[in-house]
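Subject: Structure for your review

Dear colleague,

Please find the structure below, together with its sequence.

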Amino acid sequence: MAILSLAWKSLLNRRFTALLTVISIALSVTLLVGAERLRTEARASFANTLSGTDLIVGARSGPVQLLLYAVFRIGDATNNISWESYQDIAAHPRVDWTVPISLGDSHRGFRVLGTTAAYFEHYRYARDRRLIIDQGQPFADLYDAVLGAEVAEKLGYKIGDAIIVAHGASDVSFARHDDKPFRVVGILARTGTPVDRTVHVSLEAVEAIHVDWRSGAPIPGLSISAEQARAMDLTPKAITAVLVGLKSKIATFHVQRFINDYPEEPLSAILPGVALSQLWDLIGIAENALLIVSAFVVVVGLFGMLTALLTSLNERRREMAILRSVGARPGHVFALIMGEAGVLTLLGVLSGMTLLYLSLIVGQPIIESRFGIFIPLGGPTAYEWTLLGAVVAAGVLVGSIPSYRAYRLSLADGLSVRI
């Protein structure tokens, strides 16, 4: 304890240099543990981009491709699902609810999704969170539209504004359904998921804007107005995908096999969690890169401590000589420098964790609303404790270098006191 007390007083005597070293280690620890927590929660949030859905059904294709267009609105389906096939799936005795999805149109770079009111009731994300209408209400009229938060923010839309949907993913003048404008009736709260970048309309609306189109182009000589379309039978002929919720999780593989072996047309049913994990394995290499960069930052911080301790040794030879003159042995000098390194490392770790939690308290609501990543304020996980232990061990190891140097200097000085 006497050595630690002496080490503490020695650090106080060099408080400015010690403070800079502690800040360097603290920032490194904050980045390291923060990156690990962000990495873990980003993976969990990614896996929960769609939660509460047991199966995603689409035309026969690979799991990742089906996931990309049905959930992330990236790419296009290889084929559609007939409305009759959708009704057969919805009528299965083990199916609790279904949400049909129709894709293929866009608005100024954002995908348009046709669906039903069940979408707002059953769609879940981020550990079973519901969609919230921040402004307005869900669509009720044929030409109503509900916007994702990012669509409304980037395009400056508000309730009551008119929007024009374009056919396909590109917004060009000859592909616009400008004879059937939509009216914004609702804006969803931000979720940090692809929902934010989606324009939601009813399935009947998707049929209505295509009643006078064939094969991706208007039918020459045929023009059906928006009001005329209201009087027509707008039952969908085909949809892009279906989100399926089951009455029991036990029935998942039974229903999946039923769909995959469906005799009327080739279909695929995938488990969202499994497909999301596969997709993360393809794109998640950045998480490891982030952790490696953070680890190198910690190494740089510890080398800063090493530099500070080493450069101060020659200036402290007088101090070491005085200690030797009052009976201190070279081992005491070694222990003193090791104590300083240990105190600096512990203070840096404690300060870093404090800074991390303060940052989370301030930044958690922003990160969750903007990116859909919920970072809990709980204590360190077992892996984070391991990281912190490794930092302390590395600090002690780094501290042994100047400690050994001080030991050698004290031996060289012998009992001579240089005053």
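In which sense do strand 8 and strand 11 pair, and over how many bridges? Strand 8 and strand 11 pair in the parallel sense, over 4 bridges; two strands count as paired if DSSP finds at least two bridges between them. Helices (H or I, at least four residues) and strands (E, at least two) are DSSP runs, numbered from the N terminus.

Before the details, a note on the source. This is a predicted model, in which local features need pLDDT of at least 70 and side-chain atom pairs count only at pLDDT 80 or more, while totals for chains, interfaces and linings use all residues. Residues are numbered from 1 along each chain as its sequence is written, and side-chain values use heavy atoms, with hydrogens and water left out.

The chain as a whole

The protein chain has 14 helices and 17 strands. Of its 419 residues, 50% count as buried, where buried means under 20% relative accessible area, exposed means over 50%, and partly exposed lies in between (1.4 Å probe, protein chains only). The protein chain exposes about 20,000 Å², of which carbon and sulfur atoms supply 62%; accessible areas come from the Shrake-Rupley method with a 1.4 Å probe, and for residues only the protein chains shown count as cover. Among contacts (heavy atoms within 4.5 Å) between residues at least 6 apart in sequence, 78% join residues at least 24 apart.

Strand 8 and its partners

Strand 8 covers residues 144-147; D144 and V146 point one way, A145 and L147 point the other way, and all are buried. On the strand 11 side, L147 has I187 as its bridge partner. Strand 8 also pairs with strand 12, here in the antiparallel sense and over 2 bridges, with V146 opposite H200.

The loop between strand 11 (182-188) and strand 12 (198-202) contains T193. This residue counts as buried because its relative accessibility is 7%. The side chains of T193 and T191 are joined by a polar contact of 2.7 Å. A polar contact is a pair of N or O atoms within 3.5 Å; within protein, one must be able to donate a hydrogen and the other to accept it, and residues adjacent in sequence count only if both atoms are side-chain atoms. Apart from neighbours within four places in sequence, T193 is in contact with T49 and Y125.

Strand 3 has several antiparallel pairings:

- Strand 16 is joined to strand 3 by 6 bridges, and I101 stands opposite A241.
- Strand 4 (residues 110-115) is joined to strand 3 by 4 bridges, and D105 has V112 as its bridge partner.
- Strand 10 (residues 166-167) pairs with strand 3 over 2 bridges, and S106 has A166 as its bridge partner.

Strand 3 and strand 4 form a hairpin with 2 residues between them, and R108 in the turn has a positive phi of about 50°. H107 belongs to strand 3 and counts as buried because its relative accessibility is 3%. A polar atom of the H107 side chain lies 2.7 Å from the backbone oxygen of I164.

Helix 9 (residues 252-260) has T252, V255, Q256 and I259 buried. Seen down the helix axis, these residues fall within an arc of 105°, so they line one face of helix 9; the arc is that of the directions from the helix axis to the C-beta atoms. The cover over them includes strand 1 (55-59), helix 4 (83-90), strand 3 (95-107), strand 16 (241-246) and strand 17 (267-270).

In helix 4, the residues W83, S85, Y86 and I89 are buried. They cover an arc of only 160° around the axis, which puts them on the same side of helix 4.

Annotated regions

The unreviewed UniProt entry places the feature "transmembrane region" at residues 289-313, 333-362 and 382-401. UniProt positions are given in the numbering used here, feature names are shortened, and annotations may be inferred rather than shown by experiment. In the model, residues 333-362 are 100% helix and 0% strand, with their end C-alpha atoms 43 Å apart. Residues 382-401 are likewise 100% helix and 0% strand, and the end C-alpha atoms are 29 Å apart.

L290 lies in helix 11 (residues 285-313) and counts as partly exposed because its relative accessibility is 36%. The C-alpha atoms of L290 and R39 are separated by 8.1 Å, although these residues are 251 apart along the chain.

With kind regards
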